[in-house]
Every structure is written in structure tokens, then in C-alpha cells.
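Subject: A structure to look through, with notes

Dear colleague,

Here is the structure I promised to hand over, together with some notes to read beside it. Please open it first and keep it in view while you go through the text.

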Amino acid sequence: MIKRLSLTARITLLFAVGSCAVLIALGWLIDHSIERHFEEQDHDALAGKMMLARHAIGRVATPQEFERLPTVLEDALIGHHDLVVQVLGPQKEVLLESPDVGFPATWQARGAAERATQLHTWTQGARTYRGMSQDMPTAIAAWQPLVVTVAVDIEHHQAFMHTFLQTLWLFVGCAAAATGLLGWFSVKRGLAPLRAMRDRAAGVTAHKLDQRLPVEALPPELAELAQSLNDMLARLEDAFQRLSDFSSDIAHELRTPVSNLMTQTQVSLSHPRDAASYREILESNAEEFERLARMISDMLFLAKTDVGQTSALMATNSVPVDLVEEVRGLFDFYEALAEENAVRLDLSGHGVVQGDRLMLRRALSNLLSNALRYTPRGGTIQVVLESTREHCTVTVENPGQAIPAQHLPRLFERFYRADPSRQQATGEGTGLGLAITHAIVQAHHGQVWATSTKGRTCFTIQLPPTQNEVNC
């Protein structure tokens, strides 16, 4: 398998090929322009000689003047060391011809108009000629016009072009190599920030997730990429920290019930007991097992929400849910506990949302259970439903000790407790109820938040309304 070219090699190769193409095109243009200039220069020189010949031949009016014509033409045309001449008389006889030059007969056979407008180039031995031929009438009316051919030896032009092209192509080759080298150097310097990003990224490990790429030191083209990578690293750091905290919390939460079970079991086995004592110990162990089962079930539910399984399940079971009916059902469920704690439950408003009825009932149950746990005797828990075109809002408000502001943003984290000592003392809950509520609300494309001021704590759920309801 052919090894893939590096980005530096690709850009350098592209730069070199592009430079070569430009230089070759420029060399061809210069070559063509100089050759065209030489042709125009030869044409002007030959046209001047033709004018002299036409003037001399046009003055021939008698046979005696025609006999002296070769001498006159020779004096008029022979003055250029590279010029060769041929003059054919009315009967195509040769009146004047430069020695050692063979004028091509095929050229003479062409029409007068074509010979008069086009230059003709031919090679004889080591020499190359470029010339023109024209018919020129005399002043003798009965005579055929004479054919005058003048040409110039372009050997010096060709020698110049040969030397010039050698120099030009040598320059093109050197320039291409120089531009390729310059391109390689520029690319290496230009990609230096990428190598710096690679070195910095290589230093990111599970224990060094706080490393960030220097966005300010990078060019604009790479700054956006570096910022995106920094954002990704920040998300990874946050997720890794949450995972570490979650693992630590799991170990801490499981340690207490397991320790209780071990202690009770060891005590019960330390000496013989009657059946009633064993039954009491088993009932206590059963309570701890139930708590462990609830905790494991809740953790499994949250794990499913992390991978999106609950969202798909909720979408499958999505139906219109009457929140009034669900809240009243929960009031009936918690009625005994509320009466025991002398807490009053109050509901106002109405609302209908689209979602999974059982999941929404679970989220509301977690909020009510939490409110009952912290509401003092004689207090009232108020559940308020509000409906608008944009959303439906469920508010669960209860009196009690205010939650410090620094704890509010973290209430929905797993195993987080604003009052750990109180939770451990009561032994109620698993520390996952609010996290489950948050996961359920997010799966329904809603929001949940908490406020606590002046001795009243309020949890608010905001959900989108049903599609066919104007006012929820």
C-alpha cells in the first residue's frame, strides 16, 4: 500500500506544480511574442525592399531600360548582408538571382494574391530563409509582370531564440525548484500551530483534562477549531468529574445499607435468639434490601436516560396527559401520609401535555414526596397548573427551611443533598428522586428548576402543550 502523503508534502507539491504551470505558460508566451516580433521585423524589412523594387520596375518603359533593369535592381536591393533576391522576367526567365540559393518552385506556383500577403519559410542545408514574392508590372503594356522574390536569412534569429530558450527553461526549472522549496518552508511555518495543537492535545490524559489549547496564539483559521476542541475538553472534564463523583457517591450510598446488613447479621449470629428476635432482624434486613432495590432501580433508570433509551420509550408511549387528574391521583396516594404529618394538599389550575403518563406521574410524585418530607406540621403544599399557548407549567410549593442559594443549581444532581445530615438521620430516599425528575422532564423537551426564598421552596416544571390544544 502506498504511503499517504503528508499535508505538508501535498501543499508543497501543489504549490510547485502551480508555479511550474505559471512559469511554463509565461515562457511559452515570451517565446511566442519574440518569434512574432522577429516575423514582423522581417516583414517590414522585406516590404521596404519590395517598395524599392516596385518603384524601379514601374519606371521601365522601353526594352532598353528593361535590359538595364538587373543592374538597377541589384543596386537597389543588394544592401543587406542577409538578403537574397530572385527576379523572374515576363517569360519566367531569371533576370537576377542571389548565388547558392535555391528558391522553392512550389512557392512560385502559388497564386499572386497568396504570395503577396504571406511570408514563406524554407530551409536549405544549414540555413533557413523567410521571404515574400510579388508580381510587379512594368510600364510596357504588352508585357507580363515580373516576379520579384526577396528573402532574409534568419539563422541569427534562430541562434538567438535557441540561446534564449535554453536560458529561459533553465530559469523556469530553477524558479520552480526555488518556489517549491519556498512553498515547503512556508507550509512548515504555516502548519507549526497545528503541531503545537498536537503536542498540547497529546498531553491531555484522564488526570489532566484541564489542559486547553491556546486560542489567542493561533491564526483565525485554526482558532475556531481550537475553541471547539477546548469546548469538547470542557465537556469531557465535566462528564469525567460527574462520573467520578457518581462512582464515589454510589460507593458511599451502598456502604451504609451493606454495613447495616452485615452488622445486624453478625450480631444475630453472635449468640442464640428466639424466633421473634430473628423475625425482627429479618424484617429490618428486608427494609435495607428494599432500599437497595430502589436505589439500583433508580440508577438503572438514569443510566438508560443517559443513552437515550427512555426518550424513545416515552415517544412510543406518548399520549395526552391531564395533569389535574394525575395530581389528584397522587393526592389520594399521599393522603394518609399528609394527614399523619398534618399537612394540607391544595391544587389549582389545569393543564394537558403530550407525554408518557407513567413517567410524568413519577416526576410529579418525586416532587410531592420531597415536599411532604420537608414541610412542617400544619403547612400547606400548593400545586399550581398554568396553561399558555407556548407551554404548561406545574409548580409545587411548600413552606419550610429555605435552601441556600449555592445549593439550588445542584439539587438535580445524582445523590446530591442540600442537608446530608438530615437525610442520613431520617434514612428516607435514595438521593436520586430529583435527578430522575430532571431526566424525565428533559426527555419530554421541558425544563425544571427550583427557587427558595423567605421560607418557601418552589419546584417548577415547564412542558410543551399538546399539538391540538390551544390552551394546553
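The notes below take up the sheet, the helices and the aromatic pairs in turn.

This is a predicted model, in which local features need pLDDT of at least 70 and side-chain atom pairs count only at pLDDT 80 or more, while totals for chains, interfaces and linings use all residues. Residues are numbered from 1 along each chain as its sequence is written, and side-chain values use heavy atoms, with hydrogens and water left out.

Let me begin with the sheet, remembering that strands of a sheet pair through backbone hydrogen bonds, either parallel or antiparallel. Helices (H or I, at least four residues) and strands (E, at least two) are DSSP runs, numbered from the N terminus, and two strands pair if DSSP finds at least two bridges between them. The model has an open sheet of 5 strands in the order S2-S1-S5-S4-S3, with antiparallel pairing. Its edge strands, which pair on one side only, are S2 (94-97) and S3 (120-124), and the twist from one strand to the next averages 20°. S1 (residues 83-88) and S5 (residues 146-153) are paired in the antiparallel sense over 6 bridges, and valine 152 in S5 is the bridge partner of leucine 83.

Threonine 128 lies in strand S4, and it counts as buried at 8% relative accessibility (buried means under 20% relative accessible area, exposed over 50%, partly exposed in between, with a 1.4 Å probe and protein chains only). Its side chain is joined to that of threonine 123 by a polar contact of 3.5 Å, a term for a pair of N or O atoms within 3.5 Å, where within protein one must be able to donate a hydrogen and the other to accept it, and residues adjacent in sequence count only if both atoms are side-chain atoms.

Helix H1 (residues 7-58) lies across S1, S4 (127-136) and S5, running at about 40° to S4, whereas H6 lies across S4 and S5 at about 135° to S4. Here axes are lines fitted to C-alpha atoms, for helices over the stretch in contact, and angles run from 0 to 180 degrees between N-to-C directions; contact means heavy atoms within 4.5 Å.

H6 (residues 155-190) also packs with H7 (residues 192-202), at an angle of about 40° and with the axes 4 Å apart. Lys188, Arg189 and Gly190 of H6 meet Ala192, Pro193 and Arg195 of H7 in this contact.

Finally, the aromatic pairs come to 7, where rings of Phe, Tyr and Trp (its six-membered ring) pair if their centres lie within 6.5 Å, and planes under 30 degrees apart count as stacked, over 60 as edge-to-face and the rest as tilted. One of them joins phenylalanine 38 and phenylalanine 160 edge-to-face, at 5.7 Å centre to centre and 75° between the planes. Because phenylalanine 38 lies in helix H1 and phenylalanine 160 in helix H6, the pair ties together parts that are 122 residues apart in sequence. Phenylalanine 38 is buried, at 11% relative accessible area, while phenylalanine 160 is partly exposed, at 43%.
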